[in-house]
Amino acid sequence: MSSPKVSIVVPVYKVEEYIDRCLDSLLNQTLKDIEIILVDDGSPDNCPKICDEYAQKDARVRVVHKQNEGLGYARNSGMEVAVGEYIAFVDSDDFVDIRMFEELYDVARGNDSDVVYCNIYKYYNEEKCFPLPAMTDRIVNFSHGDIVNNILKNMLGNEPEKRKSRTYYMSVWHGIYRNSLLKSSHIKFLSERLYLSEDIFFHLDFLPLCKVVTFIPDYFCYYCFNPVSLTGSYRSDRVEKTINMCNCIRKIIKEKGFYDVTWEKRIQRLLLGYFIFSLRSCFKNKIENNLAKTDFYIVCHYLKESGFYQTYPVKHISLKQRILVFLFKHELFFCCKILFTYA
């Protein structure tokens with residue numbers, strides 16, 4: 001029996017409200033030669049039972065039950081058993097267009113691509129759904145040095161003068177990846193419990209190994225707003241983990257021999273963007289002042305001690321970001337709170 005064309009790994013944890021929508025979009029794919037690997041990450045609700053019921057209904061569905069270790073390790077468990085030519089990762093509170101994997105697979109085979117990415121919708125509900133800024137408006141292939149110097153660098157962050165934070169989204173759930181390359185290189189996800197984004201570390205390991213990376217203009221992936229998800233809710237450790245993440249990214253890039261001042265500017269932009277996101281989440285969720293102040297002053301002190309104010313060309317970023325950097329530099333907590341709360 002031949003291997004499926006695409007293995008789709010779906011970590012599952014406390015998503016009873018969304019899992020049917022996700023799995024219906026996968027089971028109805030126009031590409032039928034797929035396997036769907038549901039990784040029950042020790043979910044305490046009815047999700048384990050729901051996963052088993054789907055497996056009984058459709059032979060393409062496989063279920064892995066494991067103890068709870070987080071999203072990154074759940075994906076690793078799915079990768080270990082995946083036998084498809086390509087692997088995809090879909091979060092169980094998101095969903096995809098039914099044409100997604102046929103289109104991505106055909107492009108991958110036609111271009112001998114190691115990975116193919118599509119564009120993304122941001123979905124709140126049926127009335128509120130909009131396309132995120134396109135990464136490309138045509139099919140485009142990258143190879144050799146362009147993969148590192150263009151894609152990976154601009155996945156971390158754009159140059160300071162560019163309005164968009166980044167050109168290429170770092171999330172893994174809008175692409176398909178060559179399984180043989182993942183397995184031969186022993187690529188694994190880190191734990192999001194240690195670092196803020198497991199996806200960027202995955203790409204730091206995987207993309208430098210690729211010969212061809214392809215982007216297509218089609219919008220196939222629906223990234224759904226979930227207020228209780230890892231990205232949608234306030235996390236008291238987000239600022240500290242942002243610092244850990246950027247320090248680790250810097251270390252990895254140095255070890256790979258890529259690091260120079262242009263990479264540092266991208267890391268600084270990533271750092272600033274995550275700091276702003278963290279503080280906005282803090283104030284929008286009306287976190288009590290003592291916790292908010294802790295986050296705020298960690299940001300202020302880190303930017304000062306790391307030399308950010310002396311080395312980053314702040315004059316090139318947006319007016320709102322320049323105002324925020326001024327507030328961070330002068331440690332104006334209540335002004336920052338007002339700006340995030342009402343602006």
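Modeller: Contact here means heavy atoms within 4.5 Å. The model under discussion is predicted.

Colleague: What covers the buried residues of helix 5?

Modeller: The cover includes strand 6 (115-125), strand 8 (140-143), helix 7 (198-206), strand 10 (212-224), helix 8 (238-256) and helix 9 (261-284). Among the buried residues of helix 5 are Ile 147, Val 148, Ile 151 and Leu 152, and buried means under 20% relative accessible area.

Colleague: How do you know that the span of helix 5 is close to the expected one?

Modeller: Helix 5 (residues 145-156) has 12 residues, and its first and last C-alpha atoms lie 16 Å apart, against the 16 Å expected at 1.5 Å a residue.

Colleague: Why is helix 5 called roughly parallel to helix 9?

Modeller: The axes of the two helices come within 8 Å and cross at roughly 30°. Angles under 35 degrees count as roughly parallel, and therefore helix 5 is roughly parallel to helix 9. Val 148, Leu 152, Lys 153, Asn 154 and Leu 156 of helix 5 make the contact with Thr 262, Trp 263, Arg 266, Ile 267 and Leu 270 of helix 9.

Colleague: What makes strand 8 and strand 10 a pair?

Modeller: Pairing requires at least two bridges; strand 8 and strand 10 have four, in the antiparallel sense, so they pair. Asn 141 stands opposite Thr 214 in strand 10.

Terms used: Residues are numbered from 1 along each chain as its sequence is written. This is a predicted model: local features need pLDDT of at least 70, side-chain atom pairs count only at pLDDT 80 or more; totals for chains, interfaces and linings use all residues. Side-chain values use heavy atoms; hydrogens and water are left out. The expected span of a helix is 1.5 Å times one less than its number of residues. Buried means under 20% relative accessible area, exposed over 50%, partly exposed in between (1.4 Å probe, protein chains only). Axes are lines fitted to C-alpha atoms, for helices over the stretch in contact, and angles run from 0 to 180 degrees between N-to-C directions. Angles under 35 degrees count as roughly parallel, over 145 as roughly antiparallel, 65 to 115 as roughly perpendicular and the rest as oblique.
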